[in-house]
Amino acid sequence: QVQLVESGGGLVQAGASLRLSCVASGLPSSTYAMAWFRQAPGKERDFVAGVTWSGGHKNYADSVKGRFTISKDNAKNTVYLQMNSLKPEDTAVYYCRTSTTTPDSSLNYYWGQGTLVTVSS
């Protein structure tokens, strides 16, 4: 059973930094990638950043490039999101997601419960 637990959210002022953590348990050897998504009130859940579990390839949404950094610690089954120069529009619930491959090469997705980030102006 894959479980993801996020932490590190909070209330900060614009320009501040936060680091989110996502600790995973039950990850199979077929884990493909870990990613962060966010969902602002009344909006859809959007991709923020992702990293492949074995190769470490990273990608980011345009809105966070240069400000956010995703990293991982495979030994700790943990992925991080370092968020710098936060803006009020970064306010959202941030979710961690993992994807694992299946024998037929499709993907299964697992989500955490989310952590709230609020950036005041």
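**View 1. A nonpolar patch on the surface, made of Tyr32, Leu107, Tyr109 and Trp111**. These four residues together have about 400 Å² of accessible area, a value that comes from the Shrake-Rupley method with a 1.4 Å probe, where for residues only the protein chains shown count as cover. Patches are made of residues with over 30% relative accessible area and no salt bridge, like charges being joined within 9 Å and nonpolar side chains (Val, Leu, Ile, Met, Phe, Trp, Tyr) within 5 Å. The structure shown is a predicted model, in which local features need pLDDT of at least 70 and side-chain atom pairs count only at pLDDT 80 or more, while totals for chains, interfaces and linings use all residues. Residues are numbered from 1 along each chain as its sequence is written, and side-chain values use heavy atoms, with hydrogens and water left out. The largest share of the nonpolar patch, 3 residues, comes from strand 10 (residues 107-111); strands (E, at least two residues) and helices (H or I, at least four) are DSSP runs, numbered from the N terminus. Tyr109 lies in strand 10 and is partly exposed, because its relative accessible area is 41%, which falls between the limits for buried (under 20%) and exposed (over 50%), both taken with a 1.4 Å probe and protein chains only.

**View 2. The disulfide between Cys22 and Cys96**. A search of the whole structure finds 1 disulfide, a term used here for a pair of cysteine sulfur atoms within 2.5 Å. In general, a disulfide is a covalent bond between the sulfur atoms of two cysteines. The sulfur atoms of Cys22 and Cys96 are 2.1 Å apart, and the torsion about their S-S bond is about -80°, so the disulfide is left-handed. Cys22 lies in strand 3 (residues 18-25) and Cys96 in strand 9 (residues 92-101), so the pair ties together parts that are 74 residues apart in sequence. Cys22 counts as buried because its relative accessible area is 0%, and Cys96, with a relative accessible area of 0%, is buried as well.

**View 3. A network of salt bridges that links Arg38, Arg67 and Asp90**. A salt bridge is a side-chain nitrogen of Lys or Arg within 4 Å of a carboxyl oxygen of Asp or Glu, and by this rule the count comes to 3 salt bridges. Side chains of opposite charge can pair when their charged atoms come close. In the pair of Arg38 and Asp90, the closest N and O atoms are 2.9 Å apart; this pair links distant parts of the chain, with Arg38 in strand 4 (residues 31-39) and Asp90 in the loop between strand 8 (78-83) and strand 9, 52 residues apart. In the pair of Arg67 and Asp90, the closest N and O atoms are 2.7 Å apart, and here too distant parts of the chain are linked, since Arg67 is in the loop between strand 6 and strand 7, 23 residues from Asp90. Arg38 counts as buried because its relative accessibility is 13%, and Asp90 is buried with a relative accessible area of 0%.

View 4. Arg67 counts as buried because its relative accessibility is 11%. A polar atom of the Arg67 side chain lies 3.0 Å from the backbone oxygen of Ser63. Leaving aside neighbours within four places in sequence, Arg67 is in contact with Gln82, Met83, Asn84, Ser85, Leu86, Lys87 and Asp90, where contact means heavy atoms within 4.5 Å. Another salt bridge joins the side chains of Lys65 and Asp62 (3.1 Å, N to O), and both of these residues are exposed.

**View 5. Val117 in strand 11 (residues 115-120), shown with Gly9, one of the residues in contact with Val117**. Val117 counts as buried because its relative accessibility is 0%, whereas Gly9 is partly exposed, with a relative accessible area of 33%. Gly9 is found in the loop between strand 1 (3-7) and strand 2 (10-13). Leaving aside neighbours within four places in sequence, the residues in contact with Val117 include Gly10, Leu18, Leu20, Met83, Asp90, Thr91, Ala92 and Tyr94, while Gly9 is in contact with Leu18, Leu20, Thr115, Leu116 and Val117. The C-alpha atoms of Val117 and Val93, 24 residues apart along the chain, are separated by 6.0 Å, and those of Gly9 and Ala92, 83 residues apart along the chain, by 9.7 Å.

How values were computed: Polar contact = N/O pair within 3.5 Å; in protein donor to acceptor, adjacent residues only side chain to side chain.
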